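Here's a quick tour of one fold, with a stop at a single residue along the way. Have a look at the model first, then read on.

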Amino acid sequence: MTTVFLSGSRSVNRLDDAIRDRIRRMMDQEFAIVIGDASGADKAMQIHLAANGYRNVTVFCAGQTCRNNVGEWPTRHVEVPSSLSGRDFYTVKDKAMAGHADYGFVLWDGKSAGSINNVLELVRQGKSVVVHLSTTRNFAVVKTAEDIARLLELCDRDDYLDIARKTNLTRTMAEIGRAGQATLNL
């Protein structure tokens with residue numbers, strides 16, 4: 001069964017028709033959905049999935065408490081070292097989700113390092129990602145380091161530098177090389 005990792009920026013809290021249509025296609029194909037528990041895009045997508053009565057969802061949570069589980073779906077609690085906090089704390093959960101999924105679907109605001117980190121992790125694992133950029137309302141298929149570079153060209157300079165610092169972008173891009181796989185038809 002195909003599993004898709006849904007994630008996105010916390011600033012994205014509404015789904016437009018194009019996003020809802022992509023998620024509907026996942027439901028129509030009965031894909032397994034893994035999703036985080038953050039406010040913003042995670043919660044907005046959870047609300048949409050629950051409103052449609054979709055049950056093939058697992059909510060991943062860092063530590064023992066889920067922040068959001070709108071559909072009361074099964075959960076997977078990812079153990080996180082107590083020494084971690086902030087973004088590093090939640091990155092452990094996101095890496096587990098990327099490892100569990102076959103593909104990614106990311107709603108990105110053009111600024112969030114966490115969302116790009118999910119894209120980087122999926123591509124590093126040879127998985128393709130459909131990214132919806134909220135600033136342009138366009139979708140991009142990301143399978144390679146070159147695809148990531150093109151996506152990041154859409155950032156303003158300060159956002160790019162912040163993302164590069166928070167994600168160790170140079171090192172990560174070198175690790176990725178030309179990883180990729182077949183495109184998910186959403």
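Two strands count as paired when DSSP finds at least two bridges between them. With 5 bridges, β5 (residues 103–108) and β6 (residues 129–133) are therefore a pair, and they run parallel. Keep in mind that this is a predicted model.

**The sheet**
- β5 and β6 belong to an open sheet of 7 strands, and the pairing in that sheet is mixed.
- Reading across, the order goes β4-β3-β2-β1-β5-β6-β7.
- At the edges sit β4 (75–78) and β7 (138–142), each of which pairs on one side only.
- From one strand to the next, the twist averages 20°.
- If you want a spot to check the β5–β6 pairing, Gly104 has Val129 in β6 as its bridge partner.

**Helices packed on the sheet**
- Helix α1 (residues 17–28) packs on the sheet and touches β1 (3–8), β2 (32–35), β5, β6 and β7.
- The direction of α1 makes about 165° with that of β5.
- Helix α5 (residues 145–152) also packs on the sheet, where it touches β5, β6 and β7.
- Its direction makes about 155° with that of β7.

**A look at Asp37**
- You'll find Asp37 in the loop between β2 and α2 (41–51).
- Is Asp37 buried or exposed? Its relative accessible area is 1%, under the 20% cut-off, so Asp37 counts as buried.
- Its side chain makes a polar contact with the side chain of Arg67, at 2.8 Å.
- Setting aside neighbours within four places in sequence, the residues in contact with Asp37 include Asp42, Gln46, Phe60, Cys66, Asn68 and Lys93.

Definitions and conventions. Residues numbered from 1 in each chain as written. Predicted model: local features only at pLDDT ≥ 70, side-chain atom pairs only at ≥ 80, totals over all residues. Heavy atoms only, no water. Helix = DSSP H or I, 4+ residues; strand = E, 2+ residues; numbered from the N terminus. Axes fitted to C-alpha atoms, helices over the stretch in contact; angles between N-to-C directions. Contact = heavy atoms within 4.5 Å. Buried < 20%, exposed > 50% of the residue type's maximum accessible area, 1.4 Å probe, protein only. Polar contact = N/O pair within 3.5 Å; in protein donor to acceptor, adjacent residues only side chain to side chain.
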